[in-house]
Amino acid sequence: MAKDPVRVLVTGAAGQIGYALVPMIARGLMLGPDQPVILHMLDIEPAVEALNGVKMELIDSALPLLKGIVATTDVVEACKGVNIAIMVGGFPRKEGMERKDVMSKNASIYKEQASALEQHAAENCKVLVVANPANTNALILKEFAPSIPEKNVTCLTRLDHNRALGQIAERLGVHVSNVKNVIIWGNHSSAQYPDVNHATVTTSAGEKPVRELTADDNWLSTEFITTVQQRGAAIIKARKLSSALSAASAACDHIHDWVLGTPKGTWVSMGVYSDGSYGIQPGLIYSFPVTCQNGEWSIVQGLKIDDFSREKMKATEKELIEEKELAYSCLK
């Protein structure tokens with residue numbers, strides 16, 4: 001029996017990430033090869049022609065799973081009945097702008113979109129915030145969509161998680177699918193902490209710790225961390241544009257694992273509502289290691305945290321607390 005279509009909202013759909021993301025969703029990479037979808041694409045008025053162009057290309061792709069397209073600049077129309085909302089649209093930081101200026105612009109955007117989701121999205125709608133500052137934008141959205149459960153509002157740190165997996169695989173000369181259980185703690189920013197203390201690699205001799213195989217604690221504590229933290233900036237320098245393909249792929253991974261579950265023995269990184277685990281202030285949107293089952297995520301508990309890691313985790317928590325205060329001051 002055919003499944004009912006899932007309505008998936010992508011904001012900023014005419015932008016670079018949106019352009020890479022919508023065909024992935026429509027091809028089943030996000031929700032599986034047998035799950036039909038109806039795409040809701042939202043963008044701002046100046047991008048309406050580009051948005052219509054994306055719609056035309058989707059039609060021209062003759063995608064069997066794509067059962068309908070809503071392409072609009074009306075936030076209410078875009079949010080009606082959506083089961084999954086991927087919030088890619090946001091105001092980018094421009095030359096000469098202070099963080100507070102960017103925060104103020106995005107606070108207004110996310111306040112409006114939160115209200116529309118609150119009133120018009122389907123019950124139990126799952127939300128993924130991609131636009132930066134992702135953790136804080138997600139927190140603003142949660143504040144202004146109080147009927148959406150706090151466990152249903154998340155932000156994207158899977159991109160950083162995937163970057164960390166990629167760096168370890170490159171260093172060890174193994175396939176990335178053999179590396180698992182890295183952790184991104186904290187903020188999707190240069191203060192994030194990529195942690196390999198619990199990561200393993202599948203070898204012909206069984207699972208081995210990443211630290212044992214790299215045999216280079218100095219690299220893991222310095223260059224590896226900064227490479228993951230600064231990867232976005234390196235891509236901008238190389239492409240003259242920000243990460244789009246990898247961000248779209250990571251968004252697919254995030255929703256895929258959240259909805260369909262993580263493999264047994266494997267965790268992933270998601271920016272989620274802190275419950276105080278690992279001593280992190282409750283009420284922040286903070287990246288933790290999580291497992292997913294039956295459409296729900298759970299923070300992995302009981303991991304041993306050394307002093308180096310604790311210091312890094314608290315530093316990124318401090319940045320998030322400051323961002324939260326700044327965002328709330330913009331909303332007053």
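Predicted model: local features only at pLDDT ≥ 70, side-chain atom pairs only at ≥ 80, totals over all residues.
I number residues from 1 along each chain as its sequence is written, and side-chain values use heavy atoms, with hydrogens and water left out.

**Rings**

I looked up the aromatic pairs and got 5 (rings of Phe, Tyr and Trp, the latter by its six-membered ring, pair if their centres lie within 6.5 Å; planes under 30 degrees apart are stacked, over 60 edge-to-face, the rest tilted). Trp185 and Phe288 have ring centres 6.2 Å apart and planes at 80°, so I noted them as edge-to-face. Trp185 belongs to strand β8 and Phe288 to strand β13 (residues 285–293), so this pair ties together parts 103 residues apart in sequence. My helices (H or I, at least four residues) and strands (E, at least two) are DSSP runs, numbered from the N terminus.

Next I took Tyr193 and Phe308, also an edge-to-face pair, with 6.1 Å centre to centre and 70° between the planes. Tyr193 is in strand β9 and Phe308 in helix α12 (residues 307–331), so the two tie together parts 115 residues apart in sequence. Tyr193 is buried at 2% relative accessibility, whereas Phe308 is partly exposed at 32%. I also found Trp185, Tyr278, Tyr286 and Phe288 linked by ring pairs into a cluster.

**His188**

I checked the record: the UniProt annotation "active site", from an unreviewed entry, covers His188 (positions follow the numbering used here, feature names are shortened, and annotations may be inferred rather than shown by experiment). I placed His188 in the loop between β8 (183–185) and β9 (193–195). Its relative accessible area is 17%, so I logged His188 as buried. Leaving out residues up to four places away in sequence, His188 touches Asn132, Ala134, Asn135, Leu156, Thr157 and Asp160 (contact means heavy atoms within 4.5 Å).

**Ser269**

Ser269 turned up in strand β12 (residues 268–273), buried with a relative accessible area of 1%. What does its side chain meet in a polar contact of 2.8 Å? I found the side chain of His161 there (a polar contact is a pair of N or O atoms within 3.5 Å; within protein, one must be able to donate a hydrogen and the other to accept it, and residues adjacent in sequence count only if both atoms are side-chain atoms). I also noted the backbone nitrogen of Ile184 at 2.9 Å from a polar atom of the Ser269 side chain.

**Charges**

I listed 8 salt bridges (a side-chain nitrogen of Lys or Arg within 4 Å of a carboxyl oxygen of Asp or Glu). One of them joins Arg158 and Asp257 at 2.9 Å, N to O. Arg158 is in helix α6 (residues 158–172) and Asp257 in helix α11 (residues 245–260), so the bridge ties together parts 99 residues apart in sequence. Arg158 is buried at 10% relative accessibility, and Asp257 is buried at 9%.

Arg171 got two entries. Its closest N and O atoms with Asp216 are 2.9 Å apart in a salt bridge. The charged end of Arg171 also sits over the ring of Trp219, 4.3 Å from its centre (NZ of Lys or CZ of Arg within 6 Å of the ring centre and within 35 degrees of the ring normal).

Key. Buried < 20%, exposed > 50% of the residue type's maximum accessible area, 1.4 Å probe, protein only.
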